[in-house]
Amino acid sequence: MSARFSRIVILTGAGVSAESGVPTFRASDGLWENHRIEDVASPEGFARDPALVQHFYNLRRAALKTVQPNPAHLAIARLQREFDGEVTLITQNVDDLHERGGSPEVLHMHGELLSALCLQCGQRSSWDGGLGADSICRKCRHDGTLRPDIVWFGEMPYLQDECLEALHRADLFLAIGTSGRVYPAAGFVAIAKRAGAHAIEFNLEPSDVSRDFDEHISGPAGVEVPKWVDGLLKDSNRQDPRP
């Protein structure tokens, strides 16, 4: 199969991190860890109660230290390292599990939990501790201007040009653990298909855009993705004419 493909784009969503114990964004009751989503994931919510929002993300940042990459993260990193072609990894997740799993490059379109954004100067800085009113920006030295570097509802995702460029070049598109509900990521499969890519969905159940995919692999990402990557790389090695 690998002879058909030379440029792979992978999109990962909450389902991948959920297998490591990271809570998913959308619960059946419309709450996110007992908070209304609009209260902790919107600029308006932050303006109303910045202390609540900072506390919410401080807890999530601390909880991130208690979870580990799972076999899906490790398999994706292996594919990036060993595939004889291009592999672009785009994630909707804000955790660092891909990096800790060994991925050499990750496009975080929704921001990063271990990063702070200064509302005064726009600087993005690595940040693994708590954020609050007394936190000082490392660039402009203002205090009280830092917020979680997370793309909230109503804000533009990061790295859109890089994502679109990769999608327009792709000949294979993989979506792993995504719901297909959040745009623009939910539209990536359609963009890749228009560019001529073959599309495969890995999920426990069909996503909202499942009909746009050519193949569907059902089951836990930690089980199915390593099997698929192993098969692709073995096929690639068999077809490699080099000694």
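**Reasoning from the values of a predicted model**

Q: Why does Arg-141 count as exposed?
A: Its relative accessibility is 56%. Exposed means over 50%. Arg-141 is past that cut-off, so it counts as exposed. The model here is a predicted one.

Q: Why is Leu-159 called partly exposed?
A: The relative accessible area of Leu-159 is 30%. Buried needs under 20%, and exposed needs over 50%. The value for Leu-159 falls in between, so the residue is partly exposed.

Q: What is the phi of Leu-159, and in which loop does the residue lie?
A: Leu-159 has a positive phi near 60° and is not a glycine. Its loop runs between strand 8 and helix 7 (160-169).

Q: Why is Glu-224 called buried?
A: Its relative accessible area is 17%. The cut-off for buried is under 20%. Glu-224 therefore counts as buried.

Q: Which helix holds Glu-224, and what does this residue touch?
A: Glu-224 belongs to helix 9 (residues 221-239). Leaving out residues up to four places away in sequence, Glu-224 touches Phe-202, Ile-217, Ser-218 and Gly-219. A touch here means heavy atoms within 4.5 Å.

Q: What kind of peptide bond joins Tyr-183 and Pro-184, and what is its omega?
A: The bond is cis, with omega about 15°. Most peptide bonds are trans. Pro-184 is placed in the loop between strand 9 (172-176) and helix 8 (188-194).

Q: How do you know whether the radius of gyration agrees or disagrees with that of a compact globule?
A: For 243 residues, a compact globule would have a radius near 18 Å. The protein chain has 19 Å, which agrees. Its C-alpha atoms fill a box of roughly 60 × 40 × 35 Å along the principal axes.

Q: How many helices and strands does the chain have, and what share of its contacts joins residues at least 24 apart?
A: There are nine helices and eleven strands. Of contacts between residues at least 6 apart in sequence, 64% join residues at least 24 apart.

Terms used: Residues numbered from 1 in each chain as written. Predicted model: local features only at pLDDT ≥ 70, side-chain atom pairs only at ≥ 80, totals over all residues. Heavy atoms only, no water. Helix = DSSP H or I, 4+ residues; strand = E, 2+ residues; numbered from the N terminus. Rg over C-alpha atoms; globule rule 2.2 N^0.38 Å. Buried < 20%, exposed > 50% of the residue type's maximum accessible area, 1.4 Å probe, protein only.
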